[in-house]
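Student: I have a new model open on my screen and would like to learn to read it. Could we go through it together, one question at a time?

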Amino acid sequence: MRTKITIILFIISWFAFGQKADACNWKARYFSFNTYDSCNSNTRKASVGGYVYFNSNLMGCFKYQWRINGNIVSNKNIFSYALSQNGTYTITCKVTDTCNNCDTTFSKSKTISCLPNCHWKSRNAYYFTWDTCGLKTQYGSVNGYLSFQNTNTSCFKYQWSVNNVPVSSKNNVMNLPIHQNGTYVIKCKVIDTCNNCDTTYTGSKSIGCFNTCKWFSKQIYFSGWDSCNGKKYKNSINGYGGGQGCYKYSWLVNGVKVSDARALNYPITKNGTYTMCMRVIDTCGFCDTSYCRNFNVTCVSNCNWKSRYPTLYTVDSCNSNTKKASVFGYMSFNSNKSCFKYQWTVNGVNAGNNYYMSYPVTLNGSYAVCVKVIDTCNNCDTTFCATKNITCLPGCSWSRRNMYFNAWDSCNGLKNKYSINGYFGPYNGCYKYSWLVNGVKVSDSRTLNYAIQQNGTYNLCMKVIDTCDKCDTMYCKTFNVSCITTCNWKNRNPYTFSWDTCQGFGLSNSVNGYISFQYGKTSCFKYNWTVNGKNAGNTYWTNYPITQNGTYYLCVKVTDTCNRCDTTFCMSKTISCFKNCNWSNKITALNYVDSCNGRRYKMSLNGYVAVNQNNISCCKFLWTVDGKTVSNTYYFHAPVTKNGYYSVCVKITDTCNRCDTTICETRQINCNNSSIDEIQSHAWHLFPNPVQSILNIDAEKAIGRLKIYNCNGQLIYSESISENSSKVDVSAWPSGIYLIRKEDSGQLMKFIKQ
């Protein structure tokens, strides 16, 4: 009886689970999976695509997930993906059967090499820089010229710079006027807009032809004023300069040149800070200097407020209520007020936005009532203020308390450098204190020492609160601080130096930089190096590894932590010592073999690569299967434990020329059929090699499918041959190197068409 029950349960389990397992027999669904690329149809653009199809009644249950190099690109059964650069792309499609809760993954690799690259070296560039130090002109100049002998330059754009400052020239010639000695680094970046690539040419000129002028002995005088001081020329800033000699003048306002005359009358239309500089050029001595002055203009007004007869009324409510009090304000004009907006404040606190205001107060004291009136039609504004003294509330009489308030800044020669300071007295146990700097609370103590880091205007206020009588008052003072000095980096005699390993010394494959100072407390210095914007170290020197040619910009930011200032020094190095490897001429054969029941290697992946004898001593090899290293010789053998797709890659490194390449292929292992034998490599050969017209192919057995590729990796010939010999007519093919591959064994050989 127990045996019958066991048999029944087995039959039920077989129907319940065995049937469902068979439902996910992907092989029985007669699937079709294919990938392709567009290199043969368009060499300026490229794309890869793929599709998967099943002969199944469950198509509605399927979901798809396509990936390229691990990135998801589509969720349909067919896709196309645009590419912008050459390389090897691994394409996978994961198919999920949501009805039977199972999935499988298909994978294949495509190598793209059809996108064009720029070969600047073959274009025979001629780059020349010069200066005009030999010419006694008013100004000197540095100049640059760039031309190409073997290319069409209609697609080229030029970007010139001198000492990393862009120059306006946009063609292949540049001229920049200069007026002082120094080293000028001249660069020209050329952009090929047709092939979407660029390169940079660099040169430098050291200028030493300008004489050093002793301006203090030339008796130059300089005067400047603005119209707010009551002089003529209303709404303007003005200047006058003079001296005996070969002088020319150039006036600048806020860095912009406005005049070449000896005197300046520059009209202004709005209030603000204006920096006026007079640059004097000695055309005989080839030198110049500048005199500058700052103006804070506050008198410019577009609106004639006086003609509008403004009236500000302020009242308080002390006579009507001695326990509560308010201040009131009212603004009137004898003109059109439809364009006016109002902003009321009482002791700096917002109090309303109408033409009138009511503000409740709880303490006796002085209240500054201000209203800012904005004329939105004429785009101008003005402020009216009045003061109301509230004394009717019970409590504090601060004027009779003999309060003592003192404040000072470090510019007056007192201790506590770079600070503003305050003190309040006399002491009272009911008092609490609150110090504010520019409206921000900074301390609750009776005294204040507030460190500052930069020049400017500081408003210092001390608020005293009488906690016993529940009242308060405030004392304020304003400071214009101008004594904080900046760092004079030039006087510290900085020395910078850069080098690269192309010059035959230093650490291998690197660009290097060094900075030192003759004067200054370097123990206060901190350093931050960057190379092409990337962090490269935090000491006074840097060693930055590199792997390819190009221009490298080295910058070091030096921070003086004692004096709280910093500056940045930059240099550039153009690297051209890395050689390019022509791998298509070096690799003579590349073969992959997978096996299932072979005598020697059971269920394994195997392969080898052959390199020209002239290069073999310089080459190193690294084989990986699914990212795991399996060999470092020219061949590999990797046992596997299950069926599936495997990504096999070999990285070949040329240690003599410092370059490498990686070749990958996806291999499938399917050893479910025990009758599959190990794929054997059979001898075959080509002749003649080199060949001019007919290429003969002989093999030990039927050749099978043959494919021939040109040196760009493009398939140009494909045929299935059932005989063990064949002839291929190559007479019409271009001269060059070709690769021929037997698809059944993966064997690869090279021949040359003359």
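Student: Where does Asn 69 lie?

Tutor: Happy to start there, and keep in mind that this is a predicted model. Asn 69 has a positive phi of about 50° although it is not a glycine. Its relative accessible area is 40%, so Asn 69 is partly exposed. As for its place, Asn 69 lies in the loop between strand E3 (62-68) and strand E4 (71-74).

Student: Which loop holds Asn 493?

Tutor: Asn 493 also has a positive phi of about 50° without being a glycine. With a relative accessible area of 34%, Asn 493 is partly exposed. Its place is in the loop between strand E35 (471-481) and strand E36 (494-500).

Student: How many residues are in the largest nonpolar core?

Tutor: Look at Tyr 342, which is among the residues with the most contacts inside that core. Leaving aside neighbours within four places in sequence, Tyr 342 is in contact with residues including Met 331, Phe 333 and Val 373.

Student: Is Ala 325 buried or exposed?

Tutor: Ala 325 is found in strand E23 (residues 325-332). Beyond neighbours within four places in sequence, its contacts include Cys 318, Val 361, Ile 390 and Leu 393. The cut-off for buried is under 20% relative accessible area. Ala 325 has 3% relative accessibility, so it counts as buried.

Student: What separates the C-alpha atoms of Tyr 634 and Gly 607?

Tutor: Tyr 634 is found in the loop between strand E46 (628-631) and strand E47 (635-639). Not counting residues up to four places away in sequence, Tyr 634 touches Gly 607, Tyr 608, Val 609, Phe 621 and Trp 623. Tyr 634 and Gly 607 are 27 residues apart along the chain, and their C-alpha atoms are separated by 8.6 Å.

Student: Which residue meets Arg 492 in a salt bridge?

Tutor: Arg 492 is in the loop between E35 and E36, and its partner lies in strand E41 (residues 550-560), so the pair ties together parts that are 68 residues apart in sequence. Both partners are buried. The N to O distance is 2.9 Å, and the partner is Asp 560.

Student: Which residues join Glu 665 in one network of salt bridges?

Tutor: Glu 665 forms a salt bridge with Arg 741, the closest N and O atoms being 3.8 Å apart. The two are 76 residues apart, with Glu 665 in strand E49 (residues 659-669) and Arg 741 in strand E55 (residues 736-742). Salt bridges that share partners join Glu 665 into one network with Arg 667 and Arg 741.

Student: Last one: which residues form a nonpolar patch on the surface with Tyr 51?

Tutor: Tyr 51 lies in strand E2 (residues 46-53). Its relative accessible area is 32%, so Tyr 51 is partly exposed. The patch has about 390 Å² of accessible area together, and the residues that form it with Tyr 51 are Tyr 36, Tyr 53 and Ile 78.

Methods:
Residues are numbered from 1 along each chain as its sequence is written. This is a predicted model: local features need pLDDT of at least 70, side-chain atom pairs count only at pLDDT 80 or more; totals for chains, interfaces and linings use all residues. Side-chain values use heavy atoms; hydrogens and water are left out. Patches are made of residues with over 30% relative accessible area and no salt bridge: like charges are joined within 9 Å, nonpolar side chains (Val, Leu, Ile, Met, Phe, Trp, Tyr) within 5 Å. Accessible areas come from the Shrake-Rupley method with a 1.4 Å probe; for residues, only the protein chains shown count as cover. A salt bridge is a side-chain nitrogen of Lys or Arg within 4 Å of a carboxyl oxygen of Asp or Glu. Helices (H or I, at least four residues) and strands (E, at least two) are DSSP runs, numbered from the N terminus. Buried means under 20% relative accessible area, exposed over 50%, partly exposed in between (1.4 Å probe, protein chains only). A nonpolar core is a set of buried Ala, Val, Leu, Ile, Met, Phe, Trp, Tyr and Cys residues joined through side-chain atoms within 4.5 Å. Contact means heavy atoms within 4.5 Å.
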